[in-house]
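Trainee: I would like to learn how to read a few features of this model. Please take them one at a time.

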Amino acid sequence: GIKVPWEEPSHPIAVLSRRVYDYSNHVLGLTIDEHGQEDLMSIQYFGRGTDDEEPDRYKPHCDGDCRGLPHKIGTRMATMV
């Protein structure tokens, strides 16, 4: 993970991370803050060639229960791509 320098509010990584939380809170109607959250993650897909029928990519998935139940307190509930 990428450690976010929250003590430096103008640092580009802190600014990006704050925008992610602000957007998540706006869409979900919550007040998630940075305390107790996972580090920022970065994934870069290089692919396997221009003719590959199934190139590397992020695919929608559930990190937990995918049956439409309310999220469990203390578990992952938002991923930003």
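**Surface patch and ring pair**

Mentor: Tyr 23, Val 27, Leu 28, Leu 30, Met 77 and Met 80 make up a nonpolar surface patch with about 520 Å² of accessible area together. Patches are made of residues with over 30% relative accessible area and no salt bridge, with nonpolar side chains (Val, Leu, Ile, Met, Phe, Trp, Tyr) joined within 5 Å and like charges within 9 Å. A salt bridge is a side-chain nitrogen of Lys or Arg within 4 Å of a carboxyl oxygen of Asp or Glu. Areas follow the Shrake-Rupley method with a 1.4 Å probe, and for residues only the protein chains shown count as cover.

Mentor: This is a predicted model: local features need pLDDT of at least 70, side-chain atom pairs count only at pLDDT 80 or more, and totals for chains, interfaces and linings use all residues. Residues are numbered from 1 along each chain as its sequence is written, and side-chain values use heavy atoms, without hydrogens and water.

Trainee: How many aromatic pairs are there?

Mentor: A pair of aromatic rings is described by the distance of the centres and the angle of the planes. Rings of Phe, Tyr and Trp (its six-membered ring) pair if their centres lie within 6.5 Å; planes under 30 degrees apart count as stacked, over 60 as edge-to-face and the rest as tilted. The count here is one aromatic pair. The ring centres of Trp 6 and Tyr 21 are 6.0 Å apart and the planes stand at 50°, so the pair is tilted.

Trainee: Is Tyr 21 buried or exposed?

Mentor: Tyr 21 is buried (under 20% relative accessible area; exposed is over 50%, partly exposed in between; 1.4 Å probe, protein chains only), at 13%.
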